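Please look through the structure below before reading the points. They are numbered so that each can be checked against the picture in turn.

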Amino acid sequence: MSEQVAPRGRGIPRNLSHARIVAAALALVREGGVAALSMRRLAVELDATVAITYHYFANKSAVVEAVADVVVDDIIAADDPRQHWRDRLLTLMLVQNRELLRHPGIARFLVENHDTPAATRWTEAYLRVLLDGGFSAAAAAEAFSLVSFFINPAFLIERPEVSTERAVGPVAAAESESDEFPAIRAVQPHLNGMSFTAQYEQGARTLVAVLEPDLPAEPNGKRSARRASRPSG
């Protein structure tokens, strides 16, 4: 992503730049999420005045959008078109899990601002993998909707103070020992120690494994660009 350079005005430090501001904003988001980011806090981190930060960004939303651009670029960069489409799709989902959890609040920003360039590039990356894998446009839309349904809720409840490696279980261990919940008591040992990340990765692998393209394969193993013909009647 090319660095944007704002016209330098009177009183603007020479070492201040668009890239440096975004880097500082990224650090703040990683530390406390988007909620911890403010123009005043950003100015403090940069040892600058709030007025100077406004020279580069109109408001906090513009800064968050710039951070989202970087996060999405890092996710998309993990895609390798030389790999099988299943591997590409799984890689996007796993890298996305890592990067969005590292930057609390960015997922919500992307979902609530789906018309931004960052969100559009994110969508394009997923759809390109599916189309390259032999999905028709209609089938790609259905598969993408399924993938989005799986990944979006997890990040909309993100909170920076909660560890993503926390153990996941339906109830507290003490409660599960009660005879009132025999099914929970039987299953609980297998849930103990399973983290959010482990559950997400397991679900992502399961989801990718069941998706199937609907276009015919050609002799060289690649998928045809034409829609598969269907028998009439």
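1. Of the 233 residues in the protein, 39% are buried.

2. What does the secondary structure of the protein come to? There are 11 helices and zero strands. Read along the sequence, the pattern is therefore α-α-α-α-α-α-α-α-α-α-α.

3. Taking contacts between residues at least 6 apart in sequence, 66% join residues that are at least 24 apart.

4. Confidence should be read before any detail. The mean pLDDT of the protein is 79, with 73% of its residues at 70 or more.

5. Two stretches call for caution. The pLDDT is below 50 over residues 170–174, a stretch with six contacts in the model beyond near neighbours in sequence. It is also below 50 over residues 224–233, where the model has 15 contacts beyond near neighbours in sequence. Where pLDDT is low, the predicted coordinates should not be read in detail.

6. One helix pair deserves a description. Two packed helices are described by the angle between their axes and the distance between the axes. For helix α1 (residues 18–32) and helix α4 (residues 60–76), the angle is about 85° and the axes are 9 Å apart. Angles of 65 to 115 degrees count as roughly perpendicular, so α1 and α4 are roughly perpendicular to each other. On the α1 side the contact is made by Val22, Ala25, Leu26 and Val29. On the α4 side it is made by Val63, Ala66, Val67, Val70 and Val71. By class, the contact of α1 with α4 has nine nonpolar residues, no polar ones and no charged ones.

7. Leaving aside neighbours within four places in sequence, Val72 is in contact with Leu110, Ala118, Arg121 and Trp122. Val72 and Leu110 are 38 residues apart along the chain, and their C-alpha atoms are separated by 9.4 Å.

8. Lys60 also lies in helix α4. Its relative accessibility is 28%, so Lys60 counts as partly exposed. Not counting residues up to four places away in sequence, Lys60 touches Val34, Ala35, Leu37 and Met39. Lys60 and Val34 are 26 residues apart in sequence, while the distance from C-alpha to C-alpha is 9.5 Å.

9. Where is Asp47 placed? Asp47 is in the loop between α2 (39–46) and α3 (50–56). Its phi is near 55°, which is a positive value in a residue other than glycine. The relative accessibility of Asp47 is 71%; exposed means over 50%, so Asp47 counts as exposed.

Key:
Residues numbered from 1 in each chain as written. Predicted model: local features only at pLDDT ≥ 70, side-chain atom pairs only at ≥ 80, totals over all residues. Heavy atoms only, no water. Helix = DSSP H or I, 4+ residues; strand = E, 2+ residues; numbered from the N terminus. Buried < 20%, exposed > 50% of the residue type's maximum accessible area, 1.4 Å probe, protein only. Contact = heavy atoms within 4.5 Å. Axes fitted to C-alpha atoms, helices over the stretch in contact; angles between N-to-C directions. Parallel < 35°, antiparallel > 145°, perpendicular 65-115°, else oblique. Nonpolar A, V, L, I, M, F, W, Y, C, P; charged D, E, K, R; others polar. pLDDT = per-residue confidence, 0-100.
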